[in-house]
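Here is a short briefing for a first look. Keep the sequence and the model side by side as you read.

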Amino acid sequence: MKTDLSASEARRLALRAQGFGKAPPVAPGRREVLRTLRRLGVLQMDSVNVLARSHYLPLFSRLGPYPRTALEDLAWAGRRRLFEYWMHEASLAPLETQPLLRWRMQDAAEGVGVWRGVATFLRSHGDFIDRVLGEIRDRGPLSAAQLGLGAKGAGGWWGWSEGKRALECLFWTGRLTTSTRSGAFERIYGLPDQVHPSGLLTAPTPARAEAQRELVRIAARAQGVATEADLRDYFRLTAADARLRVAELVELGDLTPVRVEGWRAQAYLSPDAGAPRKAEAEALLSPFDNLIWFRDRAERLFGVRIRLEIYTPAHRRVHGYYVLPFLEGEAITARVDLKADRQGGRLLVQAAHAEPAAGRQTPEALARSLKRMAGWLGLESVSVAPRGDLASRLAGEVAQLG
């Protein structure tokens with residue numbers, strides 16, 4: 001492959017690496033979900049449920065209507081193949097990735113860098129921590145509410161009780177892990193030997209540098225072509241660690257430096273990258289989708305500035321509250337503000353805006369995707385509000401689909 005890439009070639013590499021541009025499976029299930037998650041490397045979680053919790057959406061974008069129970073089974077049931085930890089924010093990843101994060105758990109235990117407060121709390125509450133661990137060892141996995149230890153606090157830790165603080169600190173150090181999630185998405189904490197298979201617990205712990213190199217390899221495979229900042233962001237490595245690991249992987253021949261048209265920073269090509277002649281994608285993207293979660297990269301790839309407006313005051317929002325970009329072909333052509341009206345059985349399009357790359361076919365393609373999403377969510381219809389420059393045309397296409 002050439003060592004100088006056009007912007008379109010880089011975009012196709014990224015789309016292919018992320019699992020776009022090919023026909024979805026006819027009846028995706030547990031196997032396809034796990035395969036897709038291994039391709040992505042990590043899946044960011046989010047509790048906001050105005051549409052669907054974000055970790056379900058990237059799989060729908062790539063697989064089409066799959067059973068959400070397949071992900072839940074892999075993550076939180078007896079046949080689990082995934083684990084939770086702080087990777088790209090709170091995330092799910094394949095179990096085999098867990099040893100690669102043990103250095104971060106050790107940093108949390110020792111109070112290195114951003115983890116200083118964790119270690120300080122654990123050291124200053126030794127007897128209380130022992131009580132928490134003893135309760136879970138004796139009673140089995142528990143939620144913070146079930147633990148019920150400690151008085152409600154104020155400030156600093158979002159008003160968490162001492163028990164919740166202890167559970168989260170122990171989670172970050174790896175002394176506790178997620179056993180399952182309640183119906184309200186509350187984390188149930190368990191000891192690793194109560195949750196993980198014995199083979200994982202006895203798996204060797206790689207050295208810090210070795211583990212980080214493998215995390216960068218995963219990030220490179222999942223992105224196709226990426227800058228050092230892109231690779232660093234995927235698993236939230238520090239700038240210093242990422243710089244060393246990328247340089248080492250270049251020396252090993254596991255990353256190839258390339259120049260990409262329009263990119264100011266040096267880019268690196270994964271040896272597993274392969275670009276199709278064109279990418280025929282048609283997908284609604286969660287605001288936390290791996291393809292666009294790093295906003296600088298999304299703007300480089302698609303020429304679109306994506307702002308997460310969920311945390312923006314209502315009067316300052318441009319596109320809406322829970323906004324999903326629409327990936328059509330190789331471009332982001334629209335954005336829709338979506339909400340699931342579960343009681344009314346409707347997928348609400350609260351606003352629809354076109355992007356410069358939108359074409360005459362965009363409203364029809366977007367309507368198809370919205371109908372598909374509504375069916376997957378168990379909603380009977382799509383309702384388009386008259387807000388945004390694409391709303392009128394989109395409403396007409398939705399009406400034609402019935």
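How many of the seven residues of strand 11 are buried? Seven of its seven residues are, and strand 11 spans residues 323–329. Keep in mind that this is a predicted model.

**Strand 11 and its partners**
- Strand 10 and strand 11 run antiparallel, joined by four bridges.
- In this pairing, Glu282 stands opposite Glu328 of strand 11.
- Strand 12 covers residues 331–341 and pairs with strand 11 over six bridges, also in the antiparallel sense.
- Here Leu324 stands opposite Val336 of strand 12.
- A hairpin of one residue links strand 11 to strand 12.

**Nonpolar cores**
- The largest nonpolar core holds 103 residues.
- Within that core, Leu51, Leu71, Met373 and Leu394 touch the most other members.
- Beyond its neighbours within four places in sequence, Leu51 contacts residues that include Leu324, Leu338, Ala340, Met373 and Leu377.
- A second core is separate and has 25 residues, among them Val258, Val260, Ala267 and Leu269.

**Largest pocket**
- Strand 3 (82–87), strand 4 (89–94), helix 9 (162–172) and strand 6 (187–190) each supply at least two lining residues.
- Helix 9 gives the most, with four residues.
- By class, the lining has 12 nonpolar, two polar and six charged residues.

**Second largest pocket**
- About 280 Å³ of space lies in the second largest pocket.
- It is lined by 18 residues, and those closest to its centre are Pro24, Ser61, Arg62, Glu282 and Arg372.
- Helix 3 (57–63), strand 10 (281–284) and helix 16 (362–376) each contribute at least two residues to this lining.
- The lining divides into eight nonpolar, five polar and five charged residues.

**A buried loop residue**
- Ser143 sits in the loop between helix 7 (126–139) and helix 8 (144–147).
- Ser143 counts as buried because its relative accessible area is 2%, and the cut-off is under 20%.
- Leaving out residues up to four places away in sequence, Ser143 touches Leu167, Glu186, Arg187 and Ile188.

Methods. Residues are numbered from 1 along each chain as its sequence is written. This is a predicted model: local features need pLDDT of at least 70, side-chain atom pairs count only at pLDDT 80 or more; totals for chains, interfaces and linings use all residues. Side-chain values use heavy atoms; hydrogens and water are left out. A nonpolar core is a set of buried Ala, Val, Leu, Ile, Met, Phe, Trp, Tyr and Cys residues joined through side-chain atoms within 4.5 Å. Buried means under 20% relative accessible area, exposed over 50%, partly exposed in between (1.4 Å probe, protein chains only). Contact means heavy atoms within 4.5 Å. Ala, Val, Leu, Ile, Met, Phe, Trp, Tyr, Cys and Pro count as nonpolar, Asp, Glu, Lys and Arg as charged, and the others, Gly among them, as polar. On a 1 Å grid over the protein atoms alone, a cavity is a set of points where a 1.4 Å probe fits but cannot get out, and a pocket is an open set with protein on both sides within 12 Å along at least five of seven lines; lining residues have an atom within 4 Å of a point. Grid points are joined across faces, edges and corners, and a volume is the space filled by probe spheres set on the points. Two strands pair if DSSP finds at least two bridges between them.
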